[in-house]
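Hi,

Here is the structure I promised to pass on.

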Amino acid sequence: MEGYIITMEKDTVKGFIRHEGWTESPVNIQFKTKENDLEEKFSVYEINEFFILGTGELYKSKKIGVLNITLDQIYSTAPSLLAKDSIQIFLQEIVSGKMARLYEFVNTAEESHFFVEKEDKLIELYNYPFNKEVDGKKYLLVYDEYKRQLAELTRDAEKFGSAIPGYLEKPLKRYIENYNQYFSGKNSVSPVTDNGLTFDLDLNAGLENWHELPLDVSQKLTYGVGVRMNLPRRFRNRFFKVGCL
């Protein structure tokens, strides 16, 4: 798909990006210029950001801390919110603005975690469910520290009246947009468009030829029609497809 990359030297190179429908945040991309058909691989250490025109997706190379809090484990004490490891990754920018930017990180389990950048400082909005055992019983608890973080983030907007949203892309996006608008008086820029359901119609034709007992079919013209329903952007590359001959 048509797009561009921005190098670490801040040079913009236009061309085509292989869109993978990433189910987790990417660490590299395939790119080729309009003058050269040869694809090149670029990692998070080689380019600063990339943008896909057709989908409006903007990804930026960022270093983030990684927390290993999982529902597969039962904790006897509350897990720590201190990151013991870090990775360089392409985060998708959901909202851009002068006061704050919102990013989404999708881990290998296809779970979304959100980051806010303000005054050049990138922080994770913490929201982690976990299982804890107390007196032989298991309880499902949630670290929803992000609520306090958002309240602290918007403390400089005295009359900012938006309620703390749920930990989902659309409510968080709207919250950060409203915060930016409070200072600018105009809507902030959201790189990503909210794509709804889309449909593709398939028409197929071919020749069928099968010679293997007990089935013996000479050349036969076949044709069919199919419909593919692509789910909204949040579901990445999920789709349903039905067809008939």
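Some housekeeping first. This is a predicted model, so local features need pLDDT of at least 70 and side-chain atom pairs count only at pLDDT 80 or more, while totals for chains, interfaces and linings use all residues. Residues are numbered from 1 along each chain as its sequence is written, and side-chain values use heavy atoms, with hydrogens and water left out.

**Overall**

The protein has two helices and 16 strands. Helices (H or I, at least four residues) and strands (E, at least two) are DSSP runs, numbered from the N terminus. Of the 245 residues, 36% are buried; buried means under 20% relative accessible area, exposed over 50% and partly exposed in between, with a 1.4 Å probe and protein chains only. Looking at contacts (heavy atoms within 4.5 Å) between residues at least 6 apart in sequence, 49% join residues at least 24 apart.

**The ten-stranded sheet**

Ten strands make an open sheet with antiparallel pairing, in the order β4-β3-β2-β1-β5-β6-β8-β9-β10-β11. Two strands pair if DSSP finds at least two bridges between them. At the edges are β4 (40-43) and β11 (121-125), each pairing on one side only. On average, neighbouring strands here are turned by 40 degrees against each other, direction ignored. For angles in general, axes are lines fitted to C-alpha atoms (for helices over the stretch in contact), and values run from 0 to 180 degrees between N-to-C directions.

Here are some pairs you can find by eye:

- β2 (residues 12-17) and β3 (residues 28-33) are antiparallel over three bridges, and Phe-16 has Lys-32 in β3 as its bridge partner.
- β3 and β4 are joined by four bridges and run antiparallel; they form a hairpin with six residues between them, and Gln-30 stands opposite Lys-41 in β4.
- β6 (residues 57-66) pairs with β8 in the antiparallel sense over eight bridges, with Lys-60 opposite Leu-91 in β8.
- β8 and β9 pair over three bridges, also antiparallel; they form a hairpin with five residues between them, and Val-95 stands opposite Leu-102 in β9.

α2 lies across β8, β9 (101-106), β10 and β11, running at about 70 degrees to β8.

Which residues of α1 are buried? They are Tyr-146, Gln-149, Leu-150 and Leu-153. These cover an arc of only 95 degrees around the axis, so they sit on the same side of α1; the arc is that of the directions from the helix axis to the C-beta atoms. Among what covers the buried residues of α1 are β10, β11 and α2.

**The cores**

The largest nonpolar core has 17 residues, and those with the most contacts inside it are Leu-102, Val-116, Leu-125, Leu-150, Leu-172 and Ile-176. By nonpolar core I mean a set of buried Ala, Val, Leu, Ile, Met, Phe, Trp, Tyr and Cys residues joined through side-chain atoms within 4.5 Å. At least two residues each come from β8 (85-95), β10 (112-118), α1 (146-153) and α2 (169-184), with α2 giving the most, four residues. Leaving out residues up to four places away in sequence, Ile-176 touches Val-95, Ala-100, Leu-102, Val-116, Leu-150 and Leu-153. There is also a second, separate core of twelve residues, including Ile-5, Phe-42, Ile-47 and Phe-90.

Three strands form another open sheet, ordered β7-β12-β13, with mixed pairing. Its edge strands are β7 (74-75) and β13 (137-143), each pairing on one side only. Two bridges join β7 to β12, and these two run parallel; Tyr-75 has Lys-132 in β12 as its bridge partner.

Asn-131 is found in β12 (residues 128-134). Is Asn-131 buried or exposed? Asn-131 is buried, with a relative accessible area of 10%. A polar atom of its side chain lies 3.0 Å from the backbone oxygen of Leu-71. Not counting residues up to four places away in sequence, Asn-131 touches Leu-71, Gln-73, Ile-74, Tyr-75, Lys-138, Tyr-139 and Leu-140.

Cheers

How values were computed. Polar contact = N/O pair within 3.5 Å; in protein donor to acceptor, adjacent residues only side chain to side chain.
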